[in-house]
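Here is a short report on one protein chain. Please keep the sequence and the structure in view as you read.

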Amino acid sequence: MDVPVDVTPDNKVQDIQVDRQVNHRALSSALRKLDMFLLPIATIAYFLNFLDRSNIGNAKAAGLQTDLKLTNRQYSIALTVTYVPYIVAELPLTLAMKRVGPHILIPTLVVSWGLVTLFQGFVHSYGGLIAARFFLGLTEGAILPGLVTYLSSFYHRQVLGKRLAFFFSATSLAGAFSGLLASAILNMEGVSGKRGWQWIFILEGLLTVVCGAITFFILPRDLSTARYLTIEERDTLRLAHEIDGGATAAHERFSFRHMVQAMRSPQLWMVFAMFFGNGVTLYSLAYFAPTIVQGLGYRGISIQLHSVPPYACSAFVAVVACYMSDRLRHRGSFIVGASIISITGYAMFLGSTNHHTLYGSLFLQVIGAYTMAPLLSTWMPNNLAPYYTRVTGIAFGFISTNSGGILSTWLFPTTDAPRYKKATWTAMGLSISIAVLAIMNSIFLAIQNKNRGTVPTVQENLEDSVDSLDDLGDKDPRFRYIT
């Protein structure tokens with residue numbers, strides 16, 4: 001059940017009060033087991049999701065566009081088509097996850113998009129590519145909001161950020177691994193009469209299908225079915241959720257009122273707008289980093305290999321930033337910092353013609369975009385409750401991200417190569433807007449917390465307040481927002 005949060009304005013006092021009620025030893029043991037058995041599964045699923053959606057960038061650099069005789073407009077349309085069913089599927093499938101069961105829906109989606117990715121290796125025309133990208137978006141649509149919702153039902157708010165940082169490092173690792181894997185797979189050029197770019201889709205799709213099939217047997221539905229947790233550990237995790245505003249939703253029924261409650265929350269729309277800007281920058285780099293590297297003069301397998309280091313660095317920075325954000329129970333300043341890193345990278349790209357400087361600017365662009373993603377994805381569920389209000393916010397956030405992805409597919413026409421000034425100015429402007437919105441949202445949430453500062457804490461009346469807190473969610477005066 002959802003019982004909001006941060007029970008006093010002083011975080012240190014709050015931590016002391018949590019320790020009085022939660023068995024610290026059992027909580028540490030439970031979190032350690034989740035980190036060993038649950039988090040890696042979710043991370044691998046998202047890794048494969050991002051890998052299979054963005055590997056078309058590596059395939060393009062390896063000859064897909066030439067072999068299928070695609071114009072630049074047709075290639076952009078193929079990318080855009082992915083997002084239409086993706087966006088449409090996100091909210092309904094995420095809402096359906098509780099009824100169907102995440103242990104069934106998540107593996108089903110993984111296997112489905114793996115098959116679609118595999119079949120992309122057999123397309124021979126523009127129409128075939130369009131059909132494949134449509135079904136890829138349809139089967140991938142709910143996986144990101146679904147996985148974030150799923151993880152937030154196991155991890156309470158105070159520890160979720162660093163786990164989502166590890167989870168979102170999958171995007172950085174997918175960017176790095178995609179280049180390495182593509183450079184290796186391209187050595188299969190001509191095997192069985194197929195081009196190297198076709199083998200990229202076939203082998204990466206096959207990997208996803210195998211991993212998805214295994215997931216059917218190892219993913220728990222919820223805390224009560226996680227066999228590696230003891231009864232004491234499950235009870236401790238539930239209590240931690242109650243104290244810290246968790247999303248277990250064990251007895252909550254679906255209500256449209258909770259969806260409307262989410263859409264009336266100013267913090268949802270500010271983070272929604274930030275998600276859009278981050279979606280543009282994130283997917284621009286995911287789809288076009290190899291193209292940008294190619295414009296710097298690299299050729300062949302060297303294109304794939306030079307796209308790896310920026311993503312590897314971004315994974316490290318994102319994990320450190322989210323770890324510190326969790327420790328300080330604060331998100332806004334870290335998002336502003338990541339935005340400034342991105343802005344610096346775009347300014348360097350616009351202001352220099354030196355290839356080493358341009359390549360260095362790509363590091364900053366990737367680090368900034370891929371650090372913002374986990375911070376924003378944590379900030380949205382942190383400040384919405386109860387369960388279906390939170391799920392609505394998460395889904396809306398990723399709908400916005402993927403809407404930004406649609407814009408990104410049209411920002412890199414070959415006529416703008418190799419400098420892509422229009423795309424760079426657009427990304428810089430959006431990064432500036434993210435910084436401004438992050439400051440505004442932090443101030444808004446801090447004011448809300450200040451106005452609630454004299455309200456009695458949840459711990460003082462925990463058992464008697466569960467029902468009212470489940471109903472009011474983050475609108476309850478005892479809820480404390482994370483700024």
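**Overall picture**

This is a predicted model. The protein has 20 helices and zero strands. Of its 483 residues, 61% are buried. Among contacts with a separation of 6 or more, 84% join residues 24 or more positions apart. The accessible surface comes to about 17700 Å². Carbon and sulfur atoms hold 67% of that surface.

**The core**

The largest nonpolar core has 137 residues. Leu64, Tyr155, Phe167, Phe168, Met274, Ile335 and Tyr370 have the most contacts inside this core. Helix 13 (residues 266–295) supplies the largest share, 15 residues. Both domain 1 (23–251) and domain 2 (252–453 + 466–482) give the core at least three residues each. In soluble globular proteins, nonpolar side chains tend to be buried together.

Tyr155 deserves a separate look. Beyond residues up to four places away in sequence, Tyr155 touches Leu31, Leu34, Asp35, Leu39, Leu160, Arg163 and His241.

| Residue | Helix | Relative accessible area |
|---|---|---|
| Val210 | helix 10 | 45% |
| Val366 | helix 17 (residues 355–382) | 1% |

Is Val366 buried or exposed? Val366 counts as buried, because its relative accessibility is 1% and the cut-off for buried is under 20%. Val210 has 45%, so Val210 is partly exposed; that class lies between the 20% and 50% limits.

Which residues does Val366 contact, leaving aside neighbours within four places in sequence? They are Leu285, Pro310, Tyr311 and Ser314. Leu285 is 81 residues from Val366 along the chain.

**The surface patch**

Now to the outside. Val100, Ile104, Leu203, Leu206, Val210, Ile214, Phe216, Phe217 and Ile218 form a nonpolar patch on the surface. Together these residues have about 790 Å² of accessible area. Which helix gives the most to the patch? Helix 10 (residues 196–215) does, with four residues. Val210, a member of the patch, lies in helix 10.

**In brief**

The predicted model has 20 helices and zero strands. Its largest nonpolar core has 137 residues. On the surface, a nonpolar patch has about 790 Å² of accessible area. Val366 is buried, whereas Val210 is partly exposed.

Key
Residues are numbered from 1 along each chain as its sequence is written. This is a predicted model: local features need pLDDT of at least 70, side-chain atom pairs count only at pLDDT 80 or more; totals for chains, interfaces and linings use all residues. Side-chain values use heavy atoms; hydrogens and water are left out. Helices (H or I, at least four residues) and strands (E, at least two) are DSSP runs, numbered from the N terminus. Buried means under 20% relative accessible area, exposed over 50%, partly exposed in between (1.4 Å probe, protein chains only). Contact means heavy atoms within 4.5 Å. Accessible areas come from the Shrake-Rupley method with a 1.4 Å probe; for residues, only the protein chains shown count as cover. Patches are made of residues with over 30% relative accessible area and no salt bridge: like charges are joined within 9 Å, nonpolar side chains (Val, Leu, Ile, Met, Phe, Trp, Tyr) within 5 Å. A salt bridge is a side-chain nitrogen of Lys or Arg within 4 Å of a carboxyl oxygen of Asp or Glu. A nonpolar core is a set of buried Ala, Val, Leu, Ile, Met, Phe, Trp, Tyr and Cys residues joined through side-chain atoms within 4.5 Å. Domain bounds come from an automatic or database domain assignment.
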